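These are my notebook entries on a structure that I examined. The sequence and model come next.

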Amino acid sequence: MLNRVMEWFRRMLGTPSSSSVAKERLRLVLLSDHLALAPDVIEAMRRDIFDVISRYVEVDEAHSDVSFEHKEQGIAMLANIPILSLRAREPDLGISEESPPKEETSVLETVSVNGHKTDNYGRRPRKRRRRKASGASQTAPAQ
Amino acid sequence: MTARRIVVTSGKGGVGKTTTTANLGAALALRGKRVVLVDADIGLRNLDLVLGVEKRIVFDLVEVVEGRCQLRQALVRDKRFGESLAILPAAQTREKTAVTELQFADVVNNLAAMCDYVLIDSPAGIEHGFRNAIAGAAEAIVVCTPEVSAIRDADRVIGKLQERGLPMRLIVNRVRPEMVRTGEMMSVEDVCDILSAELLGIVPDDPEVIDTTNRGVPLVLDPAQRLGAIYTKIARRLEGEIIPFTQLGTGGFFGRLFEALRAG
Amino acid sequence: METQRVVNEPIESPQIEIHAPAAPVDTQKKAKTRGRAIVVTSGKGGVGKTTTTANLGVALAARGARVVLIDADVGLRNLDLVLGLESRVRFHVLDVLEGRTTLADALVRDKRVPSLYLLAAAQNREKDDVATDAMLALVEQLRGDFDYVLIDSPAGIEMGFKNAIAGADEAIVVCTPEVAAVRDVDRVVGLLGNRINAQLVVNRIRPALVRKGKMLSVQDVNAILRLPLLGVLGDAPDVIVSTNRGEPVALDEASATGAAYRAIAARIAGEDVAAPQASEPEGFLDKLGSFFGGRR
């Protein structure tokens, strides 16, 4: 009985109702369940990520890891991909001559793709756009 | 003339599959359809109990499959419904692996040749018993309560049904409008949203239902039971009639008035 | 988390007067301290096994015991959800049994009750994937590190159930006052055999309906099952709210159902708490009532 009074107080104070808490928890847990049940989809995602990144840098696939992690507000995909070296630049990549050469880094961290509708974890990795050599096109790495 | 073969399933145990199968079957039978109910819960049978025919079982599903009796011999007719309602009981002392999916599908197909509806009461879970139950079906009814565990399991089951290409519709069971109103329970809309499912029926929570299942009396036969009308509506929707759902728990004076009507 | 050998500290005594030794009298204990392995089961689905496992785990751990909960419902896991730990599960039982991770990494520690740990079930596997021997070995290993190993059994009597009871010496059988449940539970009690000591928890009793003759009484249920009565629980809506939030009622001092679970935990621990009232669900009694002690 007292528990229900507490629930009423919580509602009056504007804290989320237990049903809305339940809905949000379910949304995340079902997303997580579906991901766990779709190893082929995850594998396809991994392949696509490696393919994209490999156009810019040479990666160590054998020691790479793509996983999903529960964060407070959603589920994030984490990609931990060791970079071995840069690839030779190709003109049609549309990389601006002015952009500073990348330092060699050992690991490209936290390419986050959010399972949430609103993006809390940074930009999605941009699709590579082919541009004419005259146009500048940013290839800023996703954060 | 082939019957519609519908499996009633849920994933989660205890959400009302057997009660739904029994009462929906009874409602269809009262409308003049010939209905056979199949208990797929080998080892833990309960459909017979809920219908009150447990003392009249002679043969069961496993004995049919093993050829120790004819299918017709195993059917227990519920005399309250004339020739319209019969049940094929499960075996109580065997395991679900006693029957293969092919054998189960075979039995269901044979039944479908002699009635209008075959309703299959699935066991809980997603293992062998569940796979048997859906093997014979062409459509599914998923029963779910507005609680997190039930919804999670229903989601899993819906995934399995989709893998098999079985169309499904949802019955949300044990809704407590007063708790939905206060935000203590998820609403029917919430459940349908989360599961992306088409709604077939809404059944409010009623503790007196336990008494009717204890006594083996289908709700449609007990005029004191308001829920009987709800199962009749569900039966009519199943038949293709468009019957609007009453908004439960809309709140306020009119909300309470609508709830008093308790339509499903 | 380091797995450590457990040194059995005396269990912290609550406000209740104790007239009996605090430590449980466990005739199956070996000379070296070994935890108790208890399966929570029923046969019938939806009677409250998972809720009971979660809340008893919380209540026992809150008393200072080291408790590990194992979800044996492979494919349809829910213990993590009921406990509110679903977002922290990284690995599951099969990851451990198949060598992809260590037990220490797979155990999820409950931050609210630090001596409570969860070992989750796999969501994307099947119950048949677990070998009974492996389950037995796992439970044995955990008994070396924990005071209580509680195993949440799935519904049914198939492989999932068999694996759940594999390592257990004791069982808590949960039953609701409905003929279908009593029938299923009766079957399960038979399957538990002589090896496992079973006790009964009757869940979702509604005294008003019992009085009107519209619900089986605890006596009706136990006349068929004939088990020692461990506890009686009512049908309170706060359980629904608590699973919505992932906050087990046993954490809530104000919850009557929580008090009932704490009383059951006390009994499991061997305390001389007042015997469960057959006519009223527990927790509805004034807490003072339990001060009168009385025989179990």
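I noted that the model is predicted: local features need pLDDT of at least 70, side-chain atom pairs count only at pLDDT 80 or more, and totals for chains, interfaces and linings use all residues. Residues are numbered from 1 along each chain as its sequence is written, while chains are lettered from A and ligands numbered from 1 in the order in which they are written.

Entry on the helix pair. I looked up α7 (residues 148-163) and α9 (residues 188-195) of chain B, which pack at an angle of about 40° with axes 10 Å apart. Helices here are DSSP runs of H or I with at least four residues. From α7(B), I151(B), A154(B), D155(B) and I158(B) make the contact, and from α9(B), V191(B), I194(B) and L195(B) (contact: C-beta atoms, placed from the backbone, within 7 Å).

Entry on confidence. I read a mean pLDDT (the predictor's confidence in each residue, from 0 to 100) of 70 for chain A, with 57% of its residues at 70 or more. In chain A, pLDDT stays under 50 over residues 104-126, a stretch with 40 contacts beyond four places in sequence.

Definitions and conventions. Axes are lines fitted to C-alpha atoms, for helices over the stretch in contact, and angles run from 0 to 180 degrees between N-to-C directions. Helices (H or I, at least four residues) and strands (E, at least two) are DSSP runs, numbered from the N terminus. Two residues are in contact if their C-beta atoms, placed from the backbone, lie within 7 Å.
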